Amino acid sequence: MCSHLFWFTGSEKQYQDSNRVFSCLLKASKIADSAVDTDDNIGLFVEILNVYLHFLDNPDATTIKRINQLITHIKSNYLESEEQRAKNDSVLHHFRNTMQHINLKKQAKDARYEGIEVVSV
């Protein structure tokens, strides 16, 4: 994803444009939603979710809302039934690890993760 082009932190230089980063992630979500193969979609959505979390420095209400929408979208559209979970086993494992990461951050009282809803699958 090209979102990394708009976020650089080095020892001497720093460039961070959160508006462009999240604009790229929104476009990536739309592209993933229109992908033909639905089995690949879930992997794309989990990756997009992880990139959102990577750039979660100063989250605003819109960013938290978008993250929660992604989590709900992944769970309700790809991981509802046992058949779907069996078909997407490796991605399910990745998604569970992401949920565990969010949960650990919330337990550690990391304010950036405060409004993010953790789901169980």
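Among the 29 residues of the largest nonpolar core, the members that touch the most others are L49, L53, I67, I71, I74, F95 and I116. The elements that contribute two or more residues to this core are α1 (18-33), α2 (38-54), α3 (61-78) and α5, and the largest share, eight residues, comes from α2. The model described here is a predicted one. In soluble globular proteins, nonpolar side chains tend to be buried together.

**Helix α3**

The helix α3 has 18 residues, and the distance from its first C-alpha to its last reaches 25 Å, which is close to the 26 Å expected at 1.5 Å a residue. Within α3, the buried residues are T63, I64, R66, I67, N68, L70, I71, I74 and Y78, a list that includes the polar residues T63 and N68 as well as the charged R66.

T63, which has its place in helix α3, counts as buried because its relative accessibility is 8%, against a cut-off of under 20%. When residues up to four places away in sequence are not counted, the contacts of T63 are F22, Y52 and L56.

**The segment after α5**

K109 is found in the segment that follows α5 (89-107). Its phi is near 60°, a positive value in a residue other than glycine, and K109 is exposed, with a relative accessible area of 72%.

Which residue forms a salt bridge with D110? The partner is R112, with the closest N and O atoms 2.7 Å apart, and the count of salt bridges in the model comes to one. The two partners fall into separate classes of accessibility: D110 is buried at a relative accessible area of 17%, whereas R112 counts as partly exposed at 27%.

The accessibility values given for individual residues are set out below.

| Residue | Relative accessible area | Class |
|---|---|---|
| T63 | 8% | buried |
| D110 | 17% | buried |
| R112 | 27% | partly exposed |
| K109 | 72% | exposed |

Definitions and conventions. Residues numbered from 1 in each chain as written. Predicted model: local features only at pLDDT ≥ 70, side-chain atom pairs only at ≥ 80, totals over all residues. Heavy atoms only, no water. Helix = DSSP H or I, 4+ residues; strand = E, 2+ residues; numbered from the N terminus. Buried < 20%, exposed > 50% of the residue type's maximum accessible area, 1.4 Å probe, protein only. Salt bridge = Lys/Arg side-chain N within 4 Å of Asp/Glu carboxyl O. Core = buried A, V, L, I, M, F, W, Y, C linked by side-chain atoms within 4.5 Å. Expected span 1.5 Å × (residues − 1). Contact = heavy atoms within 4.5 Å.
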